[in-house]
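Q: Could you take a close look at the salt bridges in this model and walk me through a few of the pairs?

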Amino acid sequence: MTIQIGAVAPDFEADTTEGRIKFHDWIGDSWALLFSHPKDFTPVCTTELGRLAGLKPEFDKRGVKLLGLSVDPVDRHAKWSDDIKETQGFAPNYPMIGDTDLAVAKLYNMLPASTSGDANSRTAADNATVRTVFVIGPDKKVKLVLVYPMTTGRNFDEILRVIDSLQLTAKHRVATPADWKQGEDVIIAGSVTDDEAKTIYPGGWKSPKPYIRIVPQPK
């Protein structure tokens, strides 16, 4: 069973490159991005970790904490960090979990509960499903789940776009259309009646069909 959107993100304690954390306490009142990797010193993941480090100011602006996970121990993460800085221009500037007993990977259903063995006895192919992104809100509930194959690098610009939508729609009773970007028109949520919408949007809305009500993005 995968973890479903709207479920409370499982809490855990883990060692990271920035010390031991208790996940829910670490999130606090922020949003969080938890993203996992099958093995240290893998090529696609190296590019991802560097790209995310370069984009960290954008996540900071949105109040989103970053937390990486790999099944290898924390000391290997530190050595990998040097390679990431050398090849990508940025070293990870966020904590990385050392999930050596696979506890978090199994808790988040990235590996079967029956999986055995420690990190050293497993290859990246063994852990191919540990390629997941979770966006978690301040309420500790899962807002987004994305799973990537090992051969396809993640698009963090898209993840930022989705976070913009999640944060906007959590605050306002709207939805965002396909390919929406910050500042573009949005759709009044279906849970809002026309009478309510007239109060919220006294200037009215565009309606190419009765069930599509388009308004400017709320401020």
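A: Happy to. Let's begin with aspartate 60 and lysine 56, whose side chains join in a salt bridge at 3.2 Å, N to O; the term stands for a side-chain nitrogen of Lys or Arg within 4 Å of a carboxyl oxygen of Asp or Glu. These two sit four residues apart in helix H2 (residues 43-61), so about one helical turn separates them. Helices here are DSSP runs of H or I with at least four residues, strands are runs of E with at least two, and both are numbered from the N terminus. Aspartate 60 is partly exposed at 42% relative accessibility; buried means under 20% relative accessible area, exposed over 50%, and partly exposed in between, with a 1.4 Å probe and protein chains only.

A word on the basis: this is a predicted model, where local features need pLDDT of at least 70, side-chain atom pairs count only at pLDDT 80 or more, and totals for chains, interfaces and linings use all residues. Residues are numbered from 1 along each chain as its sequence is written, and side-chain values use heavy atoms, leaving out hydrogens and water.

Next comes aspartate 164, which forms a salt bridge with arginine 62, their closest N and O atoms lying 2.7 Å apart. This pair ties together distant parts of the chain, 102 residues apart: aspartate 164 belongs to helix H5 (residues 156-171), while arginine 62 lies in the loop between H2 and strand S4 (64-70). Aspartate 164 is buried, at 10% relative accessible area. Both residues also belong to a salt-bridge network with Glu58 and Lys61.

Finally, glutamate 13 and arginine 20 pair at 3.5 Å, N to O. Glutamate 13 is partly exposed at 47%, and arginine 20 is exposed at 52%. The structure holds 17 salt bridges.
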